[in-house]
Amino acid sequence: MEQPGFKYVSIVLGTAYLLPQIYHGHQTHKLSDVSTLSMVMLTSGSMTWAYYMYSVLQEQYFAYATAFVGFCSFYILCQKYWYYVMYLRGRIREVEGAESAV
């Protein structure tokens, strides 16, 4: 007996697992605890796997779900970059402010 509900629950949970990390990044404006290399590998692996599933296996819904994981990991990479730039700008302002006070 096939239980299709399990398949859809696993797809939702398997594709949404990065959403809490994105939310946490938006709240704290810091993602230094997330590995950049892992996110790069996840982005590349997800996108190539999504392409394979879409073009070779003809599994469109699974390909879309996998591409969503790749998009989320790419978004986390963008967040990491943006928050790091914001951090550096703040540090530069601190240094410039300290120099002008002298």
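View 1. Gln 58 is exposed because its relative accessible area is 53% (exposed means over 50%, buried under 20%, and partly exposed in between, using a 1.4 Å probe and protein chains only). This is a predicted model, where local features need pLDDT of at least 70, side-chain atom pairs count only at pLDDT 80 or more, and totals for chains, interfaces and linings use all residues. Residues are numbered from 1 along each chain as its sequence is written, and side-chain values use heavy atoms, with hydrogens and water left out. You can find Gln 58 in the loop between α3 and α4 (helices are DSSP runs of H or I with at least four residues, numbered from the N terminus). Although Gln 58 is not a glycine, its phi is positive, at about 60 degrees.

**View 2. His 29, in the loop between α2 and α3.** Here the loop joins α2 (19-28) and α3 (36-55). His 29 has a positive phi near 55 degrees, in a residue other than glycine. Is His 29 buried or exposed, or partly exposed? With 45% relative accessibility, His 29 counts as partly exposed.

**View 3. Thr 15, a buried residue in helix α1.** Helix α1 covers residues 4-15, and Thr 15 belongs to this helix. Its relative accessibility is 14%, so Thr 15 counts as buried. Which residues does Thr 15 touch, not counting those up to four places away in sequence? They are Ala 65, Phe 68 and Val 69 (contact means heavy atoms within 4.5 Å). The side chain of Thr 15 also reaches the backbone oxygen of Val 12, at 3.2 Å.

**View 4. A nonpolar patch on the surface.** Leu 19, Met 47, Phe 68, Phe 71 and Tyr 75 make up this patch, and together they have about 440 Å² of accessible area (by the Shrake-Rupley method with a 1.4 Å probe; for residues, only the protein chains shown count as cover). Patch residues have over 30% relative accessible area and no salt bridge, and nonpolar side chains are joined within 5 Å. Helix α4 (residues 60-101) gives the most to the patch, with 3 residues.

**View 5. Phe 71 and Tyr 75, a tilted aromatic pair.** Rings of Phe, Tyr and Trp (its six-membered ring) pair if their centres lie within 6.5 Å; planes under 30 degrees apart are stacked, over 60 edge-to-face, and the rest tilted. The count comes to 5 aromatic pairs. In the pair of Phe 71 and Tyr 75, the distance is 6.4 Å centre to centre, with 35 degrees between the planes. Both residues lie in helix α4, 4 residues apart, about one turn of the helix.

Note on methods. Helix = DSSP H or I, 4+ residues; strand = E, 2+ residues; numbered from the N terminus. Polar contact = N/O pair within 3.5 Å; in protein donor to acceptor, adjacent residues only side chain to side chain. Patch = residues over 30% accessible without salt bridge, like charges linked within 9 Å, V, L, I, M, F, W, Y side chains within 5 Å. Salt bridge = Lys/Arg side-chain N within 4 Å of Asp/Glu carboxyl O.
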